[in-house]
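Dear colleague,

Please find the structure below, as promised. My notes on what was found in it follow directly after.

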Amino acid sequence: MSIQQTDTPASSPIANDAGMSPLHKAIFLGLLAFLVVLPFMVYPVFAMKIMCFALFAAAFNLLLGFGGLLSFGHAAYFGGASYVAAHAAKVWGLTPELAVLSGAAAAAFLGLIIGSLSIRRQGIYFAMVTLAFAQMVYFVALQAEFTGGEDGIQSVPRGKLFGLISLEDNISLYFFVLALTFGGILFLYRVVHSPFGQVLKAIRENEPRAISLGYDVNRYKLIVFVLSATFAGLAGATKSQVFQLASLTDVHWAMSGEVVLMTLLGGMGTVFGPILGAAMIVTMQNYLATFGAWVTVIQGVIFVIGVLLFREGIIGVISRWLKRPL
Amino acid sequence: MFELLGISPQVLLGQLLLGLINGAFYAILSLGLAVIFGLLNIINFAHGALYMAGAFVAWILLHYLGIGYWPALILAPLIVGAFGIVLERTMMSRLYKLDHLYGLLLTFGLALIIQGLFRNYYGISGLPYQIPSQLSGGQNLGFMFLPNYRAWVVVASIVVCFGTWFMIEKTRLGAYLRAATENPALVSAFGINVPLLITLTYGFGVALAGFAGVLAAPIYSVNPNMGADLIIVVFAVVVIGGMGSILGAIITGYMLGIVEGLTRVFYPEGSAVVIFVIMAIVLLIKPEGLFGKEAR
Amino acid sequence: MMKKLSLATALCALSTGAAFAQEIDVKLGVLNDRSGVYADLSGEGSVVAARMAVEDFKAADKGLNVEIISADHQNKPDIGSNIARQWYEVDGVNAILDVPTSSVALAVADITAEKNGVLIDSGAGSTQLTREQCRPTTVHWTYDTAALATGTGAAMTNAGGKKWFFLTADYAFGHSLEENTARVVEDNGGEVVGQVNVPFPAQDFSSFLLQAQGSGADVIGLANAGGDTVNAIKQASEFGITQAGQKLAALLFFVTDVHALGAQTAQGLSLTEAFYWDQNDNTRAWSKRFMDIQDAQPTMVQAGVYSGTMAYLAAVEALGSAEDGKAIVAKMKEMEFNDPLFGKVTVRGDGRALHDMYLFEVKSPDESTGEWDLYNQISSITGEEAFLPMLPECDFTKQ
């Protein structure tokens with residue numbers, strides 16, 4: 001399933017190959033300024049949850065929006081990394097930054113195996129193979145000893161950053177998470193706007209032509225798959241440090257569906273769409289928790305309206321109005 | 001008599017039969033999914049929710065109107081099918097020109113809505129639905145006790161599945177359908193109302209899900225979650241059989257029911273995941289599926 | 001009636017006039033499943049029960065300003081712990097009530113201890129709450145898997161069901177339920193002839209039931225919960241397993257589940273509960289009030305939320321503050337409670353609430369006079385017998 005974008009300005013070549021376009025730079029700076037004051041305005045753990053999911057959605061968007069590959073099994077990397085990071089912090093006693101890194105490394109490894117097997121398939125088959133592999137990862141998470149079954153890995157210590165700075169306090173943890181997720185999103189941005197990203201775009205728009213130009217298409221696809229898995233893993237590993245918990249929720253296929261929802265709602269193939277989409281879905285889940293079963297209904301309605309009326313996503317629509325890629 | 005890993009042939013035979021019965025549900029559901037995908041190019045994620053709705057409609061008919069199992073077996077699929085037609089006319093028809101992804105996402109959203117609504121009105125514990133008196137009891141086959149109702153499920157499923165296959169592959173109406181899949185413009189040039197054909201096909205595919213729901217009501221608890229996890233499995237069945245292949249969906253449905261049944265004897269913990277393992281292997285070796293025509 | 005009422009109001013007026021000049025703010029959070037498998041047995045009904053407790057406690061007259069909030073943890077430990085943390089850190093919640101689903105309850109118990117709140121758990125069954133993961137701020141009110149195993153397991157083994165086969169939901173909860181019951185069965189002279197791990201959740205149990213049938217066991221122990229148990233029982237009756245003389249033991253089963261099955265299918269089933277609406281005049285009167293609001297009879301979990309809330313409020317009143325969770329729980333362990341639903345209740349040093357448990361048998365459709373007329377009471381078991389003995393390291397009154 002190659003996701004062909006209609007010819008909106010969002011998919012036109014990025015004007016500025018070298019640095020960041022001034023508009024994007026301004027938005028990133030504004031976002032950063034906002035995020036620095038955010039924990040003093042809202043509950044920090046809630047803000048951290050949004051940032052983790054924003055990175056997850058951005059990593060997913062790299063594969064879907066820029067690589068043109070719809071994975072239906074991204075929960076495997078998100079959840080798998082969160083288990084590894086939780087285990088590393090709790091049982092091996094690693095410091096938070098090492099725990100998170102080991103989670104991301106595990107996700108990269110998983111992505112390499114699953115990716116090399118699945119990129120040979122296309123479209124709906126690609127989606128289904130990734131789903132099948134993700135179900136197997138779920139099975140392992142349910143059965144393996146170290147994952148704690150349905151209890152998950154609980155009471156993960158927050159530990160000391162570099163062995164020095166205690167992260168027990170929500171605010172210091174917040175800035176650790178901010179650095180990781182914001183850094184991750186900036187890195188993904190760089191990837192998309194690099195020569196590598198241009199090749200990806202060429203493959204997405206016309207694969208046979210890219211092949212005839214001499215590009216090893218499968219290698220590019222595998223690299224983008226592994227990158228996406230790694231950053232999804234970074235997000236999951238960070239989440240396990242924030243909530244001091246890794247659980248089956250993170251590896252369940254519903255999580256794979258949720259990240260699709262976030263990306264779609266915000267606007268796939270845009271830079272800021274997944275971030276906004278993640279923020280909206282997490283906020284909604286948080287504030288609608290008291291409505292019980294209505295949350296599912298409301299989420300479903302958003303899905304339906306989104307697909308029928310706003311296929312480009314919110315940022316996609318704004319980007320079309322402004323006639324600028326966002 | 002030989003023994004296989006400590007399992008006596010009697011037990012094995014019993015398990016094969018049970019697998020076939022479960023396969024009967026997979027076959028009806030995956031058939032509906034395959035029919036819809038074949039003609040509409042939509043992956044109907046709402047299939048599980050509509051299966052659940054079929055069971056609920058049967059319960060509602062009984063509880064509020066006193067309409068029993070046999071009429072419900074006809075009425076509930078009609079009601080679910082009509083509901084499907086409304087969905088198709090108002091929503092899905094806008095998506096045919098687009099990527100498959102959007103149909104999948106739309107129906108995913110619809111599934112959330114349908115399940116959420118039933119959950120709000122009927123709670124989660126489930127509701128009782130009795131086996132019709134004509135089919136209560138069972139036969140002792142020597143190697144196992146076969147409830148009459150389960151035997152009926154297999155018969156009903158085989159009749160419906162092969163009836164559908166016959167209709168699509170061997171009749172004039174079926175020929176129109178297949179032609180409309182290949183080349184809608186040409187078929188409508190012959191004066192055939194293609195949008196109507198598509199709408200009716202979706203209604204039919206969904207009605208099959210409703211039918212499976214009514215069949216399931218007396219043996220599984222009628223609850224809002226009964227279709228939630230099933231959809232993923234049925235989905236895998238369709239992919240293994242080959243997307244859009246009618247016969248493939250039917251045969252794979254029965255076959256995987258049996259494979260799953262055997263897994264339950266030899267490695268019960270793995271029975272929930274075996275279908276996905278098979279799916280991954282099939283897709284890697286023969287991506288078009290066991291019965292698919294060509295790889296895309 | 002009239003006379004009693006006026007006396008009560010007079011007493012209240014007296015006490016408010018004397019002791020309580022200032023108001024004590026108490027904020028209670030009912031955290032449970034409002035959309036998933038446990039929504040009917042806890043859910044909104046538990047919130048209603050908590051409100052009824054505040055009303056019956058006459059909190060306002062006693063100078064307690066009680067506010068109740070609620071949320072859905074969706075049976076996911078990450079969502080549950082997030083809400084719990086936010087409740088303590090931002091919303092100023094003093095105590096969290098109910099919390100079904102063991103994995104969520106264990107996560108919330110940890111956070112509660114960290115934040116010095118109070119967890120009065122009614123919905124979860126894990127014995128870990130008062131054993132491996134005991135905390136000085138946890139009170140486990142209504143039941144646990146060990147008590148259910150003792151009730152049902154001992155009764156059925158002693159009634160002649162010596163050989164057991166377990167259908168175990170393949171997750172930690174199912175395994176612990178099986179383990180608890182197997183121990184009780186063996187202690188009472190029975191034996192376990194086999195078991196099978198069933199993936200969770202499952203729709204179709206016929207294959208596993210057939211294995212159980214082939215084992216020649218007297219009793220098939222269902223170490224699962226909710227919809228899984230309902231399906232297993234339904235299919236056991238369909239395959240003629242119960243008719244052929246094998247008995248089923250539902251190890252975790254609630255009145256709402258029996259209601260869902262219907263007396264026709266569930267008849268003869270033995271189960272253990274802490275409360276049944278039709279036990280005596282008090283429970284009937286209370287349940288009628290509950291029924292008027294909720295349109296269903298209360299489960300033991302909901303009744304437990306009521307009973308636990310009453311006890312908590314009494315401890316807060318005695319201390320004159322709701323701030324120090326550890327102190328409140330310590331106070332609860334000193335007191336003795338008596339409420340219309342659970343009767344006499346004490347709280348042990350490890351946080352385990354002790355009260356009577358009851359063994360019930362589901363009525364046949366002929367005996368049952370109404371939709372909710374479902375149980376015959378067979379026997380009662382005292383709290384000391386029903387629950388596991390306390391681990392010395394968990395006795396917080398000695399530390």
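Asp295(C) is found in the loop between helix H11 (281–294) and helix H12 of chain C. Helices here are DSSP runs of H or I with at least four residues, strands are runs of E with at least two, and both are numbered from the N terminus. The phi of Asp295(C) is near 60°, a positive value in a residue other than glycine. Most residues other than glycine have a negative phi. Asp295(C) counts as exposed, because it has 8 C-beta neighbours inside 10 Å. For this term, a residue is buried if 20 or more other C-beta atoms lie within 10 Å of its own, exposed if 12 or fewer, and partly exposed in between, with C-beta atoms placed from the backbone.

Please note that this is a predicted model, in which local features need pLDDT of at least 70 and side-chain atom pairs count only at pLDDT 80 or more, while totals for chains, interfaces and linings use all residues. Residues are numbered from 1 along each chain as its sequence is written, and chains are lettered from A and ligands numbered from 1 in the order in which they are written.

Asp98(C) belongs to strand E3 (residues 95–98) of chain C. Is Asp98(C) buried or exposed? Asp98(C) is buried, with 34 other C-beta atoms within 10 Å.

Glu273(C) lies in strand E10 (residues 270–273) of chain C. Glu273(C) counts as buried, with 25 C-beta neighbours inside 10 Å. Which residues does Glu273(C) contact, leaving aside its neighbours within four places in sequence? They are Met300(C), Tyr358(C) and Phe360(C), where a contact means that the C-beta atoms of two residues, placed from the backbone, lie within 7 Å. Glu273(C) and Tyr143(C) are 130 residues apart in sequence, yet their C-alpha atoms are 7.7 Å apart in space.

Chain C also holds an open sheet of 3 strands in the order E11-E12-E13, with antiparallel pairing. Two strands pair if DSSP finds at least two bridges between them. The edge strands, each pairing on one side only, are E11 (336–339) and E13 (353–354) of chain C. Strand E12 (residues 343–347) of chain C is joined to E13(C) by 2 bridges. Val347(C) has Ala353(C) in E13(C) as its bridge partner. Helix H12 (residues 300–319) of chain C lies across E11 and E12 of chain C and runs at about 135° to E11(C). Such angles run from 0 to 180 degrees between N-to-C directions, and axes are lines fitted to C-alpha atoms, for helices over the stretch in contact.

Helix H7 (residues 206–214) of chain C is mostly covered, as 8 of its 9 residues are buried. Among them are Phe208(C), Leu209(C) and Leu210(C). The buried residues of H7(C) pack against elements of two chains, including helix H1 (9–40) of chain B and strand E6 (163–169) of chain C. After H7(C) comes Gly216(C), whose phi is positive, near 75°.

Two helix pairs deserve a look. In chain A, the axes of helix H2 (residues 44–66) and helix H6 (residues 170–192) come within 9 Å and cross at roughly 15°. H2(A) and H6(A) are therefore roughly parallel to each other; angles under 35 degrees count as roughly parallel, over 145 as roughly antiparallel, 65 to 115 as roughly perpendicular and the rest as oblique. By class, the contact of H2(A) with H6(A) has 20 nonpolar, 3 polar and no charged residues. Here Ala, Val, Leu, Ile, Met, Phe, Trp, Tyr, Cys and Pro count as nonpolar, Asp, Glu, Lys and Arg as charged, and the others, Gly among them, as polar. In chain B, H1(B) and helix H8 (residues 194–216) pack at an angle of about 170°, with their axes 9 Å apart. H1(B) and H8(B) are therefore roughly antiparallel to each other.

Lastly, the chains touch one another. In chain A, 33 residues are in contact with 32 residues of chain B. Helix H5(A) gives the most to that side of chain A, with 11 residues. By class, the side of chain A that touches chain B has 23 nonpolar, 8 polar and 2 charged residues. The contact between chains A and C takes 20 residues from chain A and 22 residues from chain C. The side of chain A that touches chain C has 8 nonpolar, 9 polar and 3 charged residues.

With kind regards
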